[in-house]
Amino acid sequence: MKIPDVNNLIFFILFFVPGFISIKIYDFLVLGERRDFSKSFAEAIGYSCLNYGAFSWLLIIIHSNNFQVNNPILYFIFIFLILFIFPIIWPILFLGVLKFKPLKRYFNKLIPKPWDYVFLKREPFWIIIHLKNGNRVAGIYDMDSFASLYPVEEQIYLQQVWRLDKNGKFIEAIERSRGVIVMREEIALIEFFK
């Protein structure tokens with residue numbers, strides 16, 4: 001078995017790992033299909049280069065005036081931050097900026113479906129689910145409720161089921177109800193109320 005060249009290993013760590021970390025964190029935070037990393041190698045290297053570009057000023061400082069020799073612990077802390085910590089922070093920061101109201105309308109494309117857009121907000125709602133068979137299921141969607149998100153097939157769990165009158169007004173909670181799960185294939189439409 002051939003022992004890998006140390007220089008190649010260092011090159012790989014420097015130019016692939018930071019971008020790979022950023023992509024994995026982003027994929028964890030943003031719903032989407034599973035990424036094929038065999039096709040994302042160049043993308044990971046690109047993100048690593050952006051990371052280094054953002055910290056080029058720090059890299060210049062720690063690689064000049066014998067900084068590495070005079071401050072070895074601080075040097076390794078900065079290298080660790082640049083290689084492993086900031087690649088985690090970039091996607092979180094990026095997604096935080098996208099939540100800024102003036103920019104939000106331009107970037108809603110990151111959320112693949114309206115279902116995800118509504119349920120990712122984690123807001124409480126009174127909900128009426130109209131089923132394809134003509135029946136209705138009404139209840140509360142709150143902190144103990146759950147909706148599956150893309151790429152998983154849509155399902156919704158309402159933590160409490162309520163009775164409706166003929167006009168669609170909420171009357172009372174169904175006694176001893178522990179909630180209900182409704183599958184996507186049964187749903188015609190959903191109404192949300194505050």
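Which residues have the most contacts inside the largest nonpolar core? The views below take this up, along with a helix and a tyrosine.

This is a predicted model, in which local features need pLDDT of at least 70 and side-chain atom pairs count only at pLDDT 80 or more, while totals for chains, interfaces and linings use all residues. Residues are numbered from 1 along each chain as its sequence is written, and side-chain values use heavy atoms, leaving out hydrogens and water.

**View 1. The largest nonpolar core.** Ile127, Ile129, Tyr141 and Ile156 have the most contacts inside this core of 14 residues. A nonpolar core is a set of buried Ala, Val, Leu, Ile, Met, Phe, Trp, Tyr and Cys residues joined through side-chain atoms within 4.5 Å; buried means under 20% relative accessible area and exposed over 50%, with partly exposed in between (1.4 Å probe, protein chains only). Strand β1 gives the largest share, four residues. Helices (H or I, at least four residues) and strands (E, at least two) are DSSP runs, numbered from the N terminus.

**View 2. Helix α3, residues 41–54.** Here Ala44, Ser48, Asn51 and Tyr52 are buried. Seen down the helix axis, the buried residues of α3 fall within an arc of 95° (taken from the directions from the axis to the C-beta atoms), so they line one face. On the other side, Ala42 and Leu50 are exposed.

**View 3. Tyrosine 75 in helix α6.** Tyrosine 75 counts as buried because its relative accessibility is 9%. Not counting residues up to four places away in sequence, tyrosine 75 touches Ile62, His63, Phe67 and Gln68 (contact means heavy atoms within 4.5 Å).

Definitions and conventions
The expected span of a helix is 1.5 Å times one less than its number of residues.
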